[in-house]
Amino acid sequence: MPIDLLRSFIAIVEAGSLAQATETILLTQSALSLQMKRLEDVLQQKLFRRDGRKLSLTPAGEELVGHARQLLALNDRIVSALGQDFDPEPITLGLVQDFADTILTDVLSRFHFGHPRARIIIRVGGSVELLDMFDRSRLDLVLCLGQHGDRVGSSLKTVGHDRMVWLGQPDSADLEELPLVLLESPCRFRDTALHTLGESKRAYRIVLETPNLPALGAGVRGGLGVSCRTRRFATSEGLPLLPAGVLPPLPEVETVLVRRNGLSDTAHDLAELLEQAAAD
């Protein structure tokens, strides 16, 4: 059954005349008349009879009203549920915990506003782990820390810088043997802390090792020892900072966005939001 003919039919029934129905359907009376002739030809039934200037329904027309309304309602439900584009392929994003805990909420909110049907798969991990997944085509975008070299079939851009800072309670730094709270290897912050202390001939011992940042934060807050991370992360987590000069200065670390070539416009929009947020 042609949906447009049924919609015009119901409009005429509800309006009571062809002239009134033109205000709803936005067709001329002659066009509506032709549509009704086509509908009668399809059904091989007369649907209207004239009573002076007024149209009235035949028994076949009266029976069609209920069926037409049901079919139009079903049509509208199908269009509402499935009429838009099929769900797009998911965008796979990897980022280090520093950004998952600081900028991700705002980025996802802004992205969803512009792309409500987009699907995202997110992996949080260390930079080395994420880039390994990227190299195995399991991630489209990676927001990580430090320079790691160019990747085949991708673009790499430094989108920000942050200074590493020492975290911990001042009394921990006063100890002759500095207690350290560190992430397990491989970890850029671990390597930097150990290298910096080694260069300055500062004695240390590792008192806590963990693969995740929440446990590291708990160790620092609990006074077990000192650690290092970005200022952004320390501020967002409310971790105590050691005063400048208590321990040897730490270098800056780059924020790097890696994106695979040939991504969709939607994926590039997400990348732009990540770049803006990481640069703030």
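A: Ser137 is exposed, because its relative accessible area of 56% is over the 50% cut-off. Please keep in mind throughout that this is a predicted model.

Q: OK, and where does Ser137 sit in the chain?

A: Ser137 belongs to the loop that runs between helix α7, residues 127-135, and strand β5, residues 141-145.

Q: What is phi like at Ser137?

A: Phi of Ser137 is near 60°, which is a positive value in a residue other than glycine. As background, most residues other than glycine have a negative phi.

Q: Let's go on to Gln44, then. What is its phi?

A: For Gln44, phi is near 55°, again a positive value in a residue other than glycine. Gln44 is placed in the loop between α3, residues 29-43, and β1, residues 48-51.

Q: And is Gln44 buried or exposed?

A: Gln44 is exposed, because its relative accessible area is 64%, and anything over 50% counts that way.

Q: Now peptide bonds: is the one from Ser185 to Pro186 cis or trans?

A: The bond from Ser185 to Pro186 is cis, with omega near -5°. In general, most peptide bonds are trans.

Q: Where should I look for Pro186?

A: You will find Pro186 in the loop between β7, which covers 178-183, and α9, which covers 188-199, and Ser185 is placed in that loop too.

Q: What does Ser185 touch, apart from its neighbours within four places in sequence?

A: Once those neighbours are set aside, Ser185 is in contact with Arg190 and Asp191.

Q: Changing topic to helix packing, at what angle do α6 and α12 pack?

A: Helix α6, residues 104-114, packs with helix α12, residues 265-279, at an angle of about 145°, and their axes are 10 Å apart. The crossing of α6 past α12 is right-handed.

Q: Which residues make that contact?

A: From α6 there are Val107, Arg110 and Phe111, and from α12 there are Thr266, Leu270, Leu273, Leu274, Gln276 and Ala277. Sorted by class, the contact of α6 with α12 has six nonpolar residues, two polar ones and one charged.

Q: What about α1 and α3, how do they cross?

A: The axes of α1, residues 3-15, and α3 come within 9 Å and cross at roughly 115°, and the crossing is left-handed.

Q: Which side chains meet there, then?

A: On the α1 side the residues are Asp4, Leu5, Leu6, Ser8, Phe9 and Ile12, and they meet Leu32, Gln35, Met36, Arg38 and Leu39 of α3. The contact of α1 with α3 divides into seven nonpolar, two polar and two charged residues.

Q: On to rings: how many aromatic pairs are there?

A: A search of the whole structure finds one aromatic pair. Separately, Arg260 lies over the face of Phe134, at 4.0 Å from the ring centre.

Q: Last topic, helix α4: is its Glu63 buried or exposed?

A: Glu63, which lies in helix α4, is exposed, with a relative accessible area of 54%. Glu63 and Asp101 are 38 residues apart in sequence, and their C-alpha atoms are 62 Å apart in space.

Q: And how accessible is Asp76?

A: Asp76, found in helix α4, residues 59-82, counts as partly exposed at 37% relative accessibility. From Asp76 to Leu241 the C-alpha to C-alpha distance is 60 Å, and the two are 165 residues apart in sequence.

Key: Residues numbered from 1 in each chain as written. Predicted model: local features only at pLDDT ≥ 70, side-chain atom pairs only at ≥ 80, totals over all residues. Heavy atoms only, no water. Helix = DSSP H or I, 4+ residues; strand = E, 2+ residues; numbered from the N terminus. Buried < 20%, exposed > 50% of the residue type's maximum accessible area, 1.4 Å probe, protein only. Phe/Tyr/Trp six-rings, centres within 6.5 Å; stacked < 30°, edge-to-face > 60°. Lys NZ or Arg CZ within 6 Å of the ring centre and 35° of its normal. Axes fitted to C-alpha atoms, helices over the stretch in contact; angles between N-to-C directions. Left-handed = near helix turned anticlockwise from the far one by under 90°. Contact = heavy atoms within 4.5 Å. Nonpolar A, V, L, I, M, F, W, Y, C, P; charged D, E, K, R; others polar.
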